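This report describes the aromatic contacts and the pockets of one protein model. The structure is shown first, and the description follows.

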Amino acid sequence: MLLHYLDQGQGRPLVILHGLFGTLDNWQSLARRWATEAGLRVISVDLRNHGRSFHSPQHTYALMAQDVLELFDHLQLGPDTTLMGHSMGGKVAMRLALDHPVRLAKLIVVDIAPRFSDMEHQDDIVAGLQAVDFTTCTNRQEADAALARYVPNVGTRQFLLKNLYRKEDNTFAWRINLEVLAAQLAAIGEETASATPFMKPALFIRGGKSDYITPEDKLTGIPMLFPHSQVATVVDAGHWVHAEKPEEIFEMVKAFTLS
């Protein structure tokens, strides 16, 4: 099955992969700017079990990378393509780059490292999403109130509530495949490994307030797999760098992709 995507603009291709519990909508403000102002062809993607893409009981990086590769084939994307992923999407992008380097010109990874990522901090988010009772929930405010008991941060709740939609029978539901994602949290944190490094240019963007990319990652973990990489820090930004500092991300990605 083909992933759901949005294709806009003309020029050198830039493919964008969102993070856990996200959708392609999370990147649309920037995607439109890269398409209109930077002259890029921008393809934003919903990964499996997210957004409007298909649901599956399996959720591994090998399978997600294969999903994206099939989309590359469908869109006839050439080797001039830049692939960018945030968080979980960054690990999908790394997996594809390491396994199929000839398909890419460049790689951009936003606030995630190849090492194992502890996913325990997602437990409260999962509990909050599961706490929303769709048999009684009649509006967004009620869903937000249920989430707030587990997820106090307003910005995080707004991000999660982008997954809320109204079904044909007028009841609400999550677009994400919550049952599978909750069961696969440990696998989502797994290390990205490869016997062969990716020998093309790679840009790792980290939030200055985030610990997803550590000094050790920058010094050894990332260069081992991506020897032609650079790590750029966005000061005063957390894990959702693109939402907090869109102007900086716009310029970084534009410059790297078009260089």
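## Aromatic contacts and pockets

Trp34 has a relative accessibility of 0% and therefore counts as buried, the limit for that class being under 20%. The model in which this residue is described is a predicted one.

A search of the whole structure finds six aromatic pairs. In one of them, the ring centres of Trp34 and Phe250 lie 6.3 Å apart with their planes at 10°, so this pair is stacked. Together with Trp27, the residues Trp34 and Phe250 make up one aromatic cluster.

Phe204 and Phe226 form an aromatic pair of the tilted kind, with 5.4 Å from centre to centre and 55° between the planes. This pair also links distant parts of the chain: Phe204 lies in strand S8 (residues 202–207), while Phe226 lies in the loop between helix H9 (215–225) and strand S9 (229–234), 22 residues apart. Phe204 counts as buried because its relative accessibility is 0%.

| Charged residue | Ring | Distance from ring centre |
|---|---|---|
| Arg33 | Phe250 | 3.9 Å |
| Lys106 | Phe256 | 5.1 Å |

Phe250 thus has Arg33 over its face and is also the partner of Trp34 in the stacked pair.

The largest pocket holds about 370 Å³ of space. It is lined by 17 residues, of which Asn26, Lys162, His242, Ala243 and Glu244 are the closest to its centre. At least two lining residues come from each of helix H1 (28–36), helix H6 (154–161) and helix H10 (241–244). By class, the lining of the largest pocket comprises six nonpolar, seven polar and four charged residues.

The second largest pocket has a volume of about 270 Å³. Its lining consists of 16 residues, and those closest to the centre are His121, Ile125, Thr156, Tyr212 and Trp240. Six residues of this second lining are nonpolar, seven are polar and three are charged.

Technical notes. Residues are numbered from 1 along each chain as its sequence is written. This is a predicted model: local features need pLDDT of at least 70, side-chain atom pairs count only at pLDDT 80 or more; totals for chains, interfaces and linings use all residues. Side-chain values use heavy atoms; hydrogens and water are left out. On a 1 Å grid over the protein atoms alone, a cavity is a set of points where a 1.4 Å probe fits but cannot get out, and a pocket is an open set with protein on both sides within 12 Å along at least five of seven lines; lining residues have an atom within 4 Å of a point. Grid points are joined across faces, edges and corners, and a volume is the space filled by probe spheres set on the points. Helices (H or I, at least four residues) and strands (E, at least two) are DSSP runs, numbered from the N terminus. Ala, Val, Leu, Ile, Met, Phe, Trp, Tyr, Cys and Pro count as nonpolar, Asp, Glu, Lys and Arg as charged, and the others, Gly among them, as polar. Rings of Phe, Tyr and Trp (its six-membered ring) pair if their centres lie within 6.5 Å; planes under 30 degrees apart count as stacked, over 60 as edge-to-face and the rest as tilted. Buried means under 20% relative accessible area, exposed over 50%, partly exposed in between (1.4 Å probe, protein chains only). A charge sits over a ring if NZ of Lys or CZ of Arg is within 6 Å of the ring centre and within 35 degrees of the ring normal.
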